[in-house]
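Subject: Structure handover

Hello,

Here is the structure I promised to pass on. Please keep it open while you read the notes below.

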Amino acid sequence: MKPAPFSYVRPATLDEALDVLGSDPHAKVLAGGQSLVPMLSMRIASPTTLVDINGLAELAYVRTDEDGVRIGALARHVDVETDVDAWRVQPLLRHAMRLVAHPTIRNRGTTLGSVVHADAAAEMPAVAALLDAAVTVASTRGRRTIEAADLFVGPLECTVRPAELALELQVPALRPGSGAAIDEVTRRHGDYALCGVAAVVSVGAAGAIERVRASYLSVSPTPLVLDLSEAFVDGSASDANVDAAAEIATGAVDPETDIHGSADYRRHLAGVLTRRVVRAAHARATASDAQGAR
Amino acid sequence: MTSPPEILAPDALHHVSLTVNGAAYDLDVPARRLLSDALRHDLGLTGTHVGCEHGVCGACTILVDGRPMRSCLLLTVSMDGASLTTVEGLAEEGDRLAPVQQAFKDCHGLQCGFCTPGFLTTITAGLEDNPDPTRDEAREMIAGNLCRCTGYQNIVSSVLRAAEIRRARDAQGPASREDQP
């Protein structure tokens with residue numbers, strides 16, 4: 001339960017960090033470390049060098065405008081959770097953050113770090129996938145932006161390359177006429193979810209449902225985003241329609257049996273949670289006041 | 001182009017300066033030294049307990065610049081310059097028990113005591129954020145800490161009692177609170 005030896009460097013500038021990452025394919029970035037340090041201790045990960053970016057204060061920001069929220073690589077979960085402007089523009093971030101481990105972990109863990117850690121049992125990758133977020137990465141060869149749809153490729157695997165440093169997460173604003181919600185079932189408060197679902201419901205000017213998308217965690221190797229709109233052809237959130245959406249979900253998820261729960265049980269949860277979050281997101285989408293919409 | 005920073009060998013020692021419970025410490029540690037181990041083995045502050053050592057149990061929780069964090073999930077070398085508070089730093093002047101410590105004593109909030117340091121630090125910070133929690137909020141406050149003895153009822157009561165003691169000490173005047181000048 002102690003990490004294997006590794007070299008450590010704490011760059012003073014972004015360029016220094018990129019130089020190290022570019023010269024050592026087995027180097028790893030340390031930001032919050034709330035997933036990485038236990039992996040080091042359990043020796044699941046054994047990087048040659050840790051590049052500690054905690055000295056790069058310019059990456060510790062949460063910036064919000066009407067288009068969305070931009071989250072720097074050193075913004076802690078708690079910074080995103082407590083940011084009033086982010087809450088106003090994209091309320092799903094705070095709703096989801098409250099389900100991420102415990103406050104003690106959120107005080108150190110970073111939101112972008114969680115996204116590129118790409119754990120399909122974690123909330124932030126599922127939220128990033130649902131909201132069509134994007135990640136800007138940098139290397140000594142320049143910068144590029146990866147759309148969430150192209151980001152997740154397998155368990156704990158994303159398309160950020162070894163020489164690249166994830167700089168910023170861009171999360172689009174929730175559009176007017178849309179509501180978002182997230183819920184999950186866990187064995188213990190704050191633990192990994194047996195199944196979790198986040199949804200965005202969009203309604204037209206007359207209040208009819210136009211689009212329903214949902215994102216699933218812990219029931220597939222990568223965050224799974226489903227378009228459930230076809231269950232709502234008459235535009236209503238009737239029991240029959242919500243049941244039909246749940247049926248699409250249970251047919252599409254591909255959970256595995258493990259010590260915490262059977263595949264059948266997780267599939268069942270995907271249906272139950274789909275009903276819950278679609279109803280909650282619909283209530284927010286049709287709320288008459290700004291408070292109710294969040 | 002900048003030149004890459006010098007990268008020391010994996011077993012090299014790194015110099016780290018920490019402030020722990022108001023006292024300055026300088027130590028030389030390998031990069032892989034967990035902060036929980038540095039506190040216990042390098043600094044001899046064995047009040048911080050190590051339970052699961054992978055961030056689940058909360059026993060090793062300390063305050064980093066006032067915020068609770070898991071010391072087993074922090075690398076010592078990454079904490080250079082930080083100001084830490086461990087359970088040893090909670091008592092008030094003259095060794096009077098801090099409100100949370102007194103409350104645990106009053107409410108029988110511990111049995112074996114192994115998890116207690118993590119609860120005390122977590123609740124100390126929790127009451128700074130929410131000085132008057134409901135029973136439900138008290139439960140939420142301690143949700144990240146595991147106790148295998150008490151069944152949590154008395155710990156929840158201790159949170160509420162600690163809030164009471166804080167209020168009583170505040171009413172007696174600012175000088176009676178440890179965080180006041």
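Chain B runs β-β-α-β-β-β-α-α-α-α along its sequence. That makes five helices and five strands. Helices (H or I, at least four residues) and strands (E, at least two) are DSSP runs, numbered from the N terminus. Along the principal axes, the C-alpha atoms of chain B fill a box of roughly 55 × 35 × 35 Å.

A word on conventions. This is a predicted model, where local features need pLDDT of at least 70, side-chain atom pairs count only at pLDDT 80 or more, and totals for chains, interfaces and linings use all residues. Residues are numbered from 1 along each chain as its sequence is written, chains are lettered from A and ligands numbered from 1 in the order in which they are written, and side-chain values use heavy atoms, with hydrogens and water left out.

The interface

Chain A puts 35 residues in contact with 34 residues of chain B. Contact means heavy atoms within 4.5 Å. The buried area is about 3,000 Å², and carbon and sulfur atoms give 61% of that. Buried area is the accessible area (1.4 Å probe) that two parts lose on being put together, summed over both. On the chain A side, Y8(A), T104(A) and R108(A) lose the most area to chain B. Together they make up 19% of what that side buries.

There are three salt bridges between chain A and chain B. A salt bridge is a side-chain nitrogen of Lys or Arg within 4 Å of a carboxyl oxygen of Asp or Glu. K2(A) forms a salt bridge with E53(B), and their closest N and O atoms are 2.4 Å apart.

Which elements give two or more residues to the side of chain A that touches chain B? They are β1 (7–9), α1 (14–23), α2 (36–41), β3 (49–52), α3 (77–81) and α6 (103–106) of chain A. The largest share, four residues, comes from α1(A). By class, that side has 15 nonpolar, 11 polar and nine charged residues. Ala, Val, Leu, Ile, Met, Phe, Trp, Tyr, Cys and Pro count as nonpolar, Asp, Glu, Lys and Arg as charged, and the others, Gly among them, as polar.

The spaces

A search of the whole structure finds one cavity of 30 Å³ or more. On a 1 Å grid over the protein atoms alone, a cavity is a set of points where a 1.4 Å probe fits but cannot get out; a pocket is an open set with protein on both sides within 12 Å along at least five of seven lines; lining residues have an atom within 4 Å of a point. Points are joined across faces, edges and corners, and a volume is the space filled by probe spheres set on them.

The largest cavity has a volume of about 40 Å³. Its lining draws on both chains, including R108(A), L73(B) and M79(B). Six of the lining residues are nonpolar, three polar and one charged.

The second largest pocket holds about 760 Å³. Of its 30 lining residues, E81(A), P103(A), R106(A), D129(B) and E140(B) lie nearest its centre. The largest share of that lining, four residues, comes from α3(B). The lining divides into eight nonpolar, 13 polar and nine charged residues.

One residue in chain A

L224(A) is found in strand β14 (residues 224–227). Its C-alpha atom is 7.7 Å from that of V253(A), 29 residues apart along the chain.

Best wishes
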